[in-house]
Amino acid sequence: MTLRVTNTLPVVSSIHWHGLIVPAHMDGVPGLSFNGIAPGETFVYQFPVQQSGTYWYHSHSAFQEQSGLYGSIVIDPIGADPVQADSDHVLVLSDWTDEEPERIFEKLKAMSDYYNDQVPTAIDFLRDIASMGFSGAWDRRRHWLQMRMNPTDLADVSAPTYTYLVNGLPPAANYIVPARAGERLRLRVINAGASMTFDVRVPGLNLTVVSADGQPVHPVTVEEFRIAPAETYDVIVTPQADRAYTFFAQGIDRMGYARATLAPRAGMTAPVPPLDPPTWLAMEDMGMGEAHGGGHGGGMTTMPAVTVAAPQPGASSGSASAPASGQGHGNTSASDPHAEHVPSSSGKAAEASDPHAAHALPPSPPVDHGGHTSPQVQGADFSSAYSGAGLDTGPAVESRAMSPGPVIHDPGPRLRGNGRRVLVYSDLRTLGGAIDPRPPTRDIVLRLTGNMGRFIWGFDGKKYSESDPIHVALGERVRFVLINDTMMSHPIHVHGMWSEVETVDRKFLVRKHTVNVHPGKYITFLSTADVPGQWAFHCHQLYHMEAGMFRKVVVQ
């Protein structure tokens with residue numbers, strides 16, 4: 001494929017082909033894979049197309065992704081498509097703001113909850129006293145006050161500045177997807193939002209998920225799915241009558257939504273459901289209790305407490321191993337003194353059945369804490385390899401999960417127990433099996449860390465400019481272990497290689513290019529470094545990445 005991209009903007013720009021397997025110099029990350037595209041210049045992207053499915057592209061320069069430089073990619077398979085549908089529709093979700101993104105970032109650095117209109121107030125406290133008594137109202141708050149944390153801080157930027165869009169149109173525009181009774185509609189849903197996670201459903205209809213991040217999966221029927229920034233899902237929907245149905249994507253902030261209408265005729269509308277209540281984060285989101293959606297509960301230590309060693313990242317999977325078959329993004333704002341200097345538009349790089357049961361993990365290969373390999377760890381000592389020894393709480397590490405539970409069984413905050421069948425990662429099984437059957441040579445353990453009050457984000461307590469690259473040998477197969485020590489979700493994207501998500505007993509589950517790690521949870525996935533070069537590894541919440549949640553992976 002050859003694509004000629006001419007930059008008519010007054011600043012250096014770029015295009016990254018999210019999820020497509022390309023040579024490193026075609027990946028489109030200024031400062032890592034090339035210098036960016038200067039104003040007035042044309043850059044020729046040329047690479048073989050090795051996959052089919054639903055993908056997307058976006059700028060990897062400064063905040064251009066937030067300002068609208070993104071689009072969808074649909075690649076048809078060479079042979080028969082495993083998904084049969086009567087019609088095919090792309091629905092791109094996004095979050096639009098009229099503010100300058102650099103100004104948003106400055107506000108977040110000064111006051112991280114600037115856009116959060118759900119911060120508990122004195123009036124809320126009085127209402128709770130009236131409904132549950134003083135002791136009940138106080139008990140609800142005291143843990144959060146002790147931790148100096150906000151129980152409603154699920155999104156950094158939200159509806160006070162955002163309008164949520166479907167294919168560039170706000171809810172009032174009523175984007176129409178042609179749909180007739182009995183017709184199998186394939187909806188290719190892409191979250192191109194810079195910050196917002198969406199919970200998607202079509203009231204009155206089931207959604208059959210047939211593809212995740214461009215890769216076909218065994219069909220699974222749900223009523224709702226969560227889609228984090230950069231993820232894509234293909235679903236089949238079949239209207240039961242010649243009437244209108246609402247495609248409803250509410251933000252995780254529960255302060256706004258994107259909307260389209262499935263209808264046989266233009267101009268038709270259907271009832272728009274009310275937003276779900278803006279429930280508080282639970283103790284389980286801090287690793288402090290049993291997770292309703294599965295996983296082993298635990299605890300979290302917060303600043304200034306000492307580090308608690310040996311978290312136990314294990315619970316029985318509750319799902320059989322699956323047959324399955326077989327990449328990323330970072331930047332900086334030179335005009336913003338608070339922004340972390342990640343590769344930027346300037347082209348300069350600064351540096352089982354019981355989900356609650358304990359599960360004994362199999363022997364592990366050597367463990368690499370952020371790039372430094374530790375001795376072989378096996379059997380009962382496996383959990384100690386995840387303890388993050390030496391990573392104390394402090395200005396850049398606000399809290400530590402003592403016993404993180406597995407992400408794969410958990411629908412996430414504000415979805416648990418909502419009365420609807422919600423998709424979780426353990427439902428997904430990629431068709432065809434793992435691309436590479438080899439076991440990993442080592443584990444690379446990274447903790448997702450931050451300080452929400454100061455809007456500091458990073459891996460292992462370090463932002464990009466403070467960290468060393470992760471080195472992987474060409475052809476090496478490694479296991480990444482991501483442990484979320486924060487109370488916010490982080491969609492993590494690795495460029496240049498697939499993320500083959502595992503069950504807790506280390507069996508292949510689903511192949512993705514972006515994995516969403518919920519608060520107080522962990523996820524493991526295998527990756528094969530089969531393309532040499534320098535690759536980005538980062539959170540796909542744009543403002544977290546800008547603040548430093550970015551690493552460089554060197555394959556050589």
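**Exercise 1. Determine the strand order of the open six-stranded sheet and identify which strands stand at its edges.**

Solution. Step 1: In this predicted model, the order is β7-β6-β9-β14-β11-β12, and the pairing is mixed. Helices (H or I, at least four residues) and strands (E, at least two) are DSSP runs numbered from the N terminus, and two strands pair if DSSP finds at least two bridges between them.

Step 1: β7 (162–166) and β12 (215–222) each have a single partner strand, so one side of each has no neighbour in the sheet; these two are the edges.

Step 2: From one strand to the next, the twist averages 20°, an angle between N-to-C directions on a scale from 0 to 180 degrees, with axes fitted to C-alpha atoms.

Step 3: Strand β6 (residues 87–97) runs antiparallel to β7, joined by five bridges. Within this pairing, S94 has L165 of β7 as its bridge partner.

The model is predicted: local features need pLDDT of at least 70, side-chain atom pairs count only at pLDDT 80 or more, and totals for chains, interfaces and linings use all residues. Residues are numbered from 1 along each chain as its sequence is written, and side-chain values use heavy atoms, with hydrogens and water left out.

**Exercise 2. State which strands pair with β4, and whether β4 is largely enclosed or open.**

Solution. Step 1: Strand β2 (residues 16–18) pairs with β4 in the antiparallel sense over three bridges; here W17 is partnered by Y57 of β4.

Step 1: Strand β5 (residues 70–75) also pairs with β4 in the antiparallel sense, over six bridges, and W56 has S72 of β5 as its bridge partner.

Step 2: Five of the six residues of β4 (residues 53–58) are buried, so the strand is largely enclosed by the rest of the structure. Buried means under 20% relative accessible area, exposed over 50%, and partly exposed in between (1.4 Å probe, protein chains only).

**Exercise 3. Describe the largest nonpolar core and the surroundings of F247.**

Solution. Step 1: The largest nonpolar core has 94 residues, and L93, F247, L428 and I492 have the most contacts inside it. Such a core is a set of buried Ala, Val, Leu, Ile, Met, Phe, Trp, Tyr and Cys residues joined through side-chain atoms within 4.5 Å.

Step 1: Strand β24 (residues 477–484) supplies the largest share of this core, five residues.

Step 2: Beyond its neighbours within four places in sequence, F247 is in contact (heavy atoms within 4.5 Å) with residues including L91, L93, V166 and R201.
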